[in-house]
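Here is a short report on one structure.

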Amino acid sequence: MGHPARMKAITAGKKKSDSIDARTIADLLRCNLLPTCYVMAPEMRDLRRLLRYRNMVVQQSVRMQNKMAGLLTESGTVFVKDKLHGKKYFSELIKSLEEVPESVKDLLRMSRGSMEMFESTQKQIIKRLLSQPALEQRVERLMSIRGVGAITALTWTLEVADPRRFSSIGDAVSYCGLTSAFRSSAGKEQRGPLSKQRNAWLQTVLIEAAQLAPRWNPQLAALHTHQLALGHANRATLQVARKLVAYLLAVDKSGQPFQVHTPPPPENAKAKNKTRRNNQKTAALPAAA
């Protein structure tokens, strides 16, 4: 199977027909220049379809939560936003509503019931995926990275499938949609926004994980703090997401749990050692005549 995004040269000519296309593809095959496209195994595609369905269920659950808050706001009811989706608080809130029409109460109950149904469905899907023999050990290894949860590990496993199809970290980062567009001409280089040629499912999950991972991972926290000091919060989140991709790819390729090596000395210690060595070299030089 040829990669459609890399075979645009076939349709770029003025004349296009089946015979011309076939001749061009045959020439590419003859020269071993046909850009191939990775095809996932049917078993993995079925599991990936199940995970993507879970993402749709979560979106519907969030819509119901927003609808509940919107109905209460329209009716002028004061409520605690952080406690609204709690079962006990919601039941007490419904009982305390006096001047609210019955239609609003019915809509609130229906929205609450739909939200609970969606949450129960997505939990069942996650439980089913985590119990799959083909995913269990692999997901467990990926979760050894501090800051990587079950959803991030499952998304990486089912969207990437075979990590060895990425020859470098840069290829994996580009596939995840964390690389900006690059144009270079006449010695001038220009960076654009994030490229749209990416795996949108992985991009979303990695960005969300990068916003929370620095809370539990000291290495990612140090990276985020350093990038944040440069003055751009979104770029700091992107750097954390790229580092997460490097961690996930390394663990997935090696088949070993994540291990933290001895961190390098701080920058100030490096500067002191360099200054000390320079002073020693200067002292060892013979005095000028």
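## Helix, cysteines and cores

Helix α1 (residues 18–30) has 13 residues and should span 18 Å at 1.5 Å a residue; its end C-alpha atoms are 18 Å apart, which agrees. The expected span is 1.5 Å times one less than the number of residues. Helices (H or I, at least four residues) and strands (E, at least two) are DSSP runs, numbered from the N terminus. After α1 comes Asn32, with a positive phi near 60°.

This is a predicted model: local features need pLDDT of at least 70, side-chain atom pairs count only at pLDDT 80 or more, and totals for chains, interfaces and linings use all residues. Residues are numbered from 1 along each chain as its sequence is written, and side-chain values use heavy atoms, without hydrogens and water.

The structure holds zero disulfides. A disulfide here is a pair of cysteine sulfur atoms within 2.5 Å. Two cysteines are listed below. Buried means under 20% relative accessible area, exposed over 50%, and partly exposed in between (1.4 Å probe, protein chains only).

| Residue | Relative accessible area | Class |
|---|---|---|
| Cys31 | 41% | partly exposed |
| Cys37 | 27% | partly exposed |

Now the interior. A nonpolar core is a set of buried Ala, Val, Leu, Ile, Met, Phe, Trp, Tyr and Cys residues joined through side-chain atoms within 4.5 Å. The largest has 39 residues; Leu129, Trp156, Leu178 and Val245 have the most contacts inside it. Its largest share, nine residues, comes from α10. A second, separate core has 15 residues, including Leu71 and Leu84.
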